[in-house]
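Subject: Structure for your files

Dear colleague,

Please find the structure below. My notes on what was found in it follow.

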Amino acid sequence: VPSGERSKVENVASYLKGNATHKLRVEGHCDERGTEEYNRSLGERRAQAIREALIELGVSPDRIQTLSF
């Protein structure tokens with residue numbers, strides 16, 4: 001997660017820890033410059049990076065779903 005975005009992820013983690021019944025879907029997006037396979041993989045890596053950061057901040061993995069576009 002880029003350092004400039006870290007505080008946003010921390011805010012989301014704080015919210016989720018305070019609202020135990022809420023779940024989150026993280027969507028990874030990209031542009032159309034590469035192949036479809038490359039872009040889908042890039043979107044997945046982006047979403048997974050956010051998911052892992054949230055887990056490191058104490059959010060349960062079963063509350064976070066990822067999706068790539």
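Helix α1 (residues 6-18) packs against helix α2 (residues 36-56) at an angle of about 60°, and their axes are 9 Å apart. Axes here are lines fitted to C-alpha atoms, for helices over the stretch in contact, with angles running from 0 to 180 degrees between N-to-C directions. Helices are DSSP runs (H or I, at least four residues), numbered from the N terminus. α1 and α2 are therefore oblique to each other; angles under 35 degrees count as roughly parallel, over 145 as roughly antiparallel, 65 to 115 as roughly perpendicular and the rest as oblique.

This is a predicted model, in which local features need pLDDT of at least 70 and side-chain atom pairs count only at pLDDT 80 or more, while totals for chains, interfaces and linings use all residues. Residues are numbered from 1 along each chain as its sequence is written, and side-chain values use heavy atoms, with hydrogens and water left out.

On the α1 side the contact is made by Arg6, Val9, Val12 and Ala13, and on the α2 side by Ile50, Ala53, Leu54 and Glu56; contact means heavy atoms within 4.5 Å.

The largest nonpolar core has 9 residues: Val9, Ala13, Leu16, Val26, Ala47, Ala53, Leu54, Val59 and Ile64. Such a core is a set of buried Ala, Val, Leu, Ile, Met, Phe, Trp, Tyr and Cys residues joined through side-chain atoms within 4.5 Å. Buried means under 20% relative accessible area, exposed over 50%, and partly exposed in between (1.4 Å probe, protein chains only). Helices α1 and α2 each supply at least two residues of this core. Leaving aside its neighbours within four places in sequence, Val59 is in contact with Ala13, Leu16, Lys17, Leu54 and Ile64.

- Asn39 lies in α2 and is buried, with a relative accessible area of 8%. Beyond its neighbours within four places in sequence, Asn39 is in contact with Cys30, Asp31, Glu32, Arg33, Gly34, Ser68 and Phe69.
- Gln48, also in α2, counts as partly exposed at 27% relative accessibility. Its C-alpha atom is separated by 8.9 Å from that of Leu67, 19 residues apart along the chain.
- Glu37 of α2 counts as exposed at 69% relative accessibility. The C-alpha atoms of Glu37 and Glu52, 15 residues apart along the chain, are separated by 22 Å.

Regards
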